[in-house]
Amino acid sequence: MENKAKFMMGLKMRIYPNRKQERIFWKNINASRFVYNKLLANSWTDTPVYKNKLDELYPIPEKYWKYNKNGKLLKSSIVRKTGLARITKDKYPWLGDKDIDSDMVNNAQVAYKSAWNLFNKVHKSGTPKFKRKSNPNQGYRTSNHYSSSAVKKNGGVPSLYNGSIKFLDNKHIRLPKVGRIKVKLSRNLPNNQLVRIATVSIKHLSTGEWFVSLLLKSDEPFKRQLPKANSQIGYDLNTENFLTDSYGNTIDNPRFYRSIKGRLAKEQRKLSRRGRRAKSEGRKLWKSKNYQKQRKLVAKLHSKIRNQRKDFLHNLSTALIKNHDLVVGENLKSKNMSKNHALAMSISDAGWRTFIGMLEYKAPMYGRTFVEVDPAYTTQQCSECEFRMGTGNTHKLTLKDREWTCPNCNTHHIRDWNASKNILAKGLIELTKTLTEDSPIYR
Ligand SMILES: [Zn+2]
């Protein structure tokens, strides 16, 4: 079946498995981890099978080299096409168990491959790591299939309701191996006819809750295209507030974490106290009821902060996209973060990256344009006359200069407002370079 689609969307919802379904989920979670780890273990070997072209194409930098116990250099066999890395039912008969989802096995292999692909592209995160059983968040991924007869019977086009994974109604979904299961939708299902389900991840969180994440694909935008807003906006991300836009509006930093920090710290101390006590009394942590109870409470606090932050980011990004034909922001990658620790901290705290990701995927959903520009000089330049501070005998603006007056044209500026005007201007220049009549350019 045709699998290329222009638009993708994630849909995450809580599910409520019964005991039996939970058992099947755990079987697949454990098997998925096994397959992934087995492949990973097989990817390091001290017996070179044959000279590998891909090892030459993607040499592993010395700092990631691995050695065996005798100090012999291990070669990466990741991409060797021998049967070495194949995980099959013949080798591991229990993978043929009736509760084991064969698509889970395929998806674990895909995850393993993409972990190496990611490593080959960006070394930063190091070579793929083994998945630990002790990780409180566990899960596995599986795929949806459309059979032509089932599709024919139900509407004629693949949809949310006629695949091997499908919605039975607004409260139930059918998942492989476990069948019908209760779901809680956090928003309406897209009513676009051409939406289909691609892959599905089943997750168990440290809070004890189960979630399912669907990757939806469509040839059409998920939301109806909106009429023109006749408005364009630039925004500047800063440490003092979340953002300042080119109309001069300031959105304050939510700093949820800071407000709830005291409570979290207290509960976390309690958790480690219980951990220490269990240890001193020679009890295993997973057997200690008090410890586990507290661990769940801490996890719930964390997830509360996460959800509040996400709601804030969703509301703000949707409002920006809905109300403006063009949204321009600065490219965070170009900002030199590593030099400014406070700035880096604030970025991860406020969720700027998540926010930018939301603008990126929401823009095409609503037929809007989102552009990122290089932030160079956006702060130092006067948006009226383009005079640049720091040139001539003027000083560069610092974080302390919240307001300033342009020595060239005497315009009084609020620093971040001026920056967001420059950002919008840069975005417009960027667009005119690439934009042809009536082509909504996305990035
Ligand atoms: Zn000026």
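Colleague: How many disulfides does the count come to?

Modeller: The count comes to 0 disulfides, where a disulfide is a pair of cysteine sulfur atoms within 2.5 Å. This is a predicted model, in which local features need pLDDT of at least 70 and side-chain atom pairs count only at pLDDT 80 or more, while totals for chains, interfaces and linings use all residues. Residues are numbered from 1 along each chain as its sequence is written, and side-chain values use heavy atoms, with hydrogens and water left out.

Colleague: Then which residues coordinate the zinc ion?

Modeller: C382, C385, C406 and C409 coordinate the zinc ion, each through SG, at 2.2 to 2.3 Å. Donors here are N, O and S atoms within 2.8 Å of the metal, or 3.2 Å for Na, K and Ca; water is not among the atoms, so sites may look incomplete.

Colleague: How are the donor residues spaced in sequence?

Modeller: The spacing is C-x2-C-x20-C-x2-C. C385 sits in the loop between β15 and β16 (403-405), and C409, 24 residues apart from it, in the loop between β16 and β17 (412-414), so this pair links distant parts of the chain. Strands are DSSP runs of E with at least two residues, helices are runs of H or I with at least four, and both are numbered from the N terminus.

Colleague: Why is the arrangement around the zinc ion called tetrahedral?

Modeller: Because the 4 donor atoms subtend angles of 106 to 112°. Four donors count as tetrahedral if all angles lie between 85 and 135 degrees; four count as square planar and six as octahedral if opposite donors are over 155 degrees apart and all others between 65 and 115, and anything else is irregular. For reference, the ideal angle for four tetrahedral donors is 109.5 degrees.

Colleague: Is C382 buried or exposed?

Modeller: C382 is buried, at a relative accessible area of 0%. Buried means under 20% relative accessible area, exposed over 50%, and partly exposed in between, with a 1.4 Å probe and protein chains only. C385 is partly exposed at 27%, and C409 is partly exposed at 31%.

Colleague: And E386, where is that?

Modeller: E386 is in the loop between β15 and β16. Its phi is positive, about 65°, although E386 is not a glycine. At 59% relative accessibility it counts as exposed.

Colleague: What about the phi of N230?

Modeller: N230 has a positive phi of about 50° and is not a glycine. N230 lies in the loop between β10 (210-218) and β11, and is exposed with a relative accessible area of 67%.

Colleague: Strands next. Which strands does β14 pair with?

Modeller: β14 is joined to β11 (residues 232-237) by 3 bridges, running parallel, and to β15 (residues 369-373) by 5 bridges, also in the parallel sense. Two strands pair if DSSP finds at least two bridges between them. On the β15 side, L326 stands opposite T369 and G329 opposite E372.

Colleague: How many residues of β14 are buried?

Modeller: In β14 (residues 326-330), 5 of 5 residues are buried. L326, V328 and E330 point one way, V327 and G329 the other. β15 also has 5 of its 5 residues buried, so it is largely enclosed by the rest of the structure. There T369, V371 and V373 point one way and F370 and E372 the other.

Colleague: What is the strand order in the open sheet?

Modeller: The order of its 7 strands is β5-β9-β10-β1-β8-β7-β6, with antiparallel pairing. β5 (138-143) and β6 (166-169) are the edge strands, each pairing on one side only. Neighbouring strands are turned by 35° against each other on average, direction ignored; axes are lines fitted to C-alpha atoms, for helices over the stretch in contact, and angles run from 0 to 180 degrees between N-to-C directions.

Colleague: How many bridges join β5 to β9?

Modeller: 6 bridges join β5 to β9 (residues 196-204), in the antiparallel sense. In that pairing, Q138 stands opposite H204.

Colleague: Where is L194 found?

Modeller: L194 is in the loop between β8 (179-184) and β9, and is partly exposed at 28%.

Colleague: What does UniProt place at residues 10-42?

Modeller: The unreviewed UniProt entry places "domain: Transposase putative helix-turn-helix" there. UniProt positions are given in the numbering used here, feature names are shortened, and annotations may be inferred rather than shown by experiment. In the model, the span is 73% helix and 21% strand, and its end C-alpha atoms lie 32 Å apart.
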